[in-house]
Amino acid sequence: MSKKSTFLFLLMFTLLSAHAQKKNVFVFVVDDLGYFDISAHGSDFYETPNIDQLVSEGVDFTNAYSSHPRCVPSRYGLQTGKAPARVGAPGKLGKDKCELSESEISIGQAFKNNGYTTFFAGKWHLGETVATWPQSRGYDSNIAGCSAGAPKSYFYPYNVPQDPKRSGNHRNIEGLEDGEKGEYLTDRLTTETVNYLKEEHTKPFFAMLCHYGVHTPLEAKSALVEKYKAKLQTLSFDGLEFELKDGETKQHQNNPIYAAMIESVDQSLGQVIKTLKAEGLYENTIIVFTSDHGGLSNRGVGNKRKIATSNLPLRAGKGHVYEGGIKVPLVFAGGISHKKNISTQVTTNLDIYPTVLDLCSLPLLPHQHRDGISIKKAITHNKIEQRTVYWHSPMSRLRSTGDTNCTVVRYGDLKLFDFFTEGRYEMYDLSKDPFETTNIYTENGKQENKLTQLINTWRKEIDAVIL
């Protein structure tokens, strides 16, 4: 072989090797899972051995947040890296409406543009028509991603509610019409995802499994429900079931159906990881585990809706911009190198987009994920970046979850609430009061004025909806 031929051979081999070593990405999202809804974070009732294992092997973020305390805006933030308030979500199109315009480059599209195959399964909840669903927004494959925010039933047929009173305005889940009676939705989505992972992959992949669980309706497999009913008999709880604060706040994690739903998504994660390892993909796949916002722990005073969990000692839950509504589990694991198992980096789900691009050595798209930052250095070298983060919630659901309209900024450890409809403020120092028990706001205080100005400037910049 001539020197020229040898050089060309080595060059081709190097390029092929580099291609083969491109990192895969797998993002696993649970719906409505609170920060303390996993045993690794201290739950005594729920059992999450597979999540716990991932926490122990990866980097666990203790200051991770969703970009909004409700499903639709949070999912827009995850897919785009933009604060949902930039497109008036929620509010501009209504409380449960937001979609990705054609001009948006979704996180899936970004990877597809870099030669990846892309896969989506589960809850999308962004857009009313096929033209706005995953297959039209950068994903080669889409399983059950549509306008539905929750199933009518977790048991097949998923579009037939077990409780007729729940038929309401719930949209149908599309694309799972070929199931078998009694099939459980969490299991079906897992099977579809595992089958995808077992395919021959000639290119790197970006995959998302966004479970409908553990969102209502509260329905689970009977054997698991019985397991937790029995476990409940061995536990005791002090005090009332609900406290009148931020609406009515559930005080105990004691719902056996919800516990069973959590175990099902934990089993799903276990099957995904088992498959990645069996296929020789685990060490080359970046795994991201998170939730879209805090657990459903609050309801309006006098409302009799079923409440899933307690986020205590965090304050409030889904719908609220207190810590219980926006603090979420976030773990990076699998094909990453890291220096420390726990990170205190303040981060939101807007950061997932630029971070996984960065971890895969792909170009960032700052014009797209303009509100997210890469936290790669926090993962690989435990480097902490100081930052300011914002939330805007202009469509309160006082009757449903007990929350009220507000804009919030976290600046360092200070967190200021502007309840703009009511003309009042609250401020907490999370370094001393992580559970937001003592309002330290003082009118015309130096820090208060600074944070108020930050909020006013940010709302003006993004043209925030004030209803």
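**A helix and its sheet**

Modeller: The buried residues of α11 are covered by elements that include β14 (388-393), β15 (406-411), β16 (414-419) and β17 (424-429). Helices (H or I, at least four residues) and strands (E, at least two) are DSSP runs, numbered from the N terminus. This is a predicted model, in which local features need pLDDT of at least 70 and side-chain atom pairs count only at pLDDT 80 or more, while totals for chains, interfaces and linings use all residues. Residues are numbered from 1 along each chain as its sequence is written, and side-chain values use heavy atoms, with hydrogens and water left out.

Colleague: Which residues of α11 are buried?

Modeller: Buried means under 20% relative accessible area, exposed over 50%, and partly exposed in between (1.4 Å probe, protein chains only). In α11 the buried residues are Glu448, Leu451, Thr452, Ile455, Trp458, Arg459 and Ile462. Because they cover an arc of only 130° around the axis, they lie on the same side of α11; the arc is that of the directions from the helix axis to the C-beta atoms. The general idea is that an α-helix has 3.6 residues a turn, so residues three or four places apart point the same way. Lys446 and Lys460, on the other side of α11, are exposed.

Colleague: In what order do the four strands form the open sheet?

Modeller: Two strands pair if DSSP finds at least two bridges between them. The order is β14-β15-β16-β17, with antiparallel pairing. β14 and β17 each have a single partner strand, so one side of each is left without a neighbour in the sheet. Between β15 and β16 there are five bridges; valine 409 has leucine 416 in β16 as its bridge partner.

Colleague: What angle does the direction of α11 make with that of β15?

Modeller: Axes are lines fitted to C-alpha atoms, for helices over the stretch in contact, and angles run from 0 to 180 degrees between N-to-C directions. The angle is about 120°, and α11 touches β14, β15, β16 and β17 as it packs on the sheet. Contact means heavy atoms within 4.5 Å.
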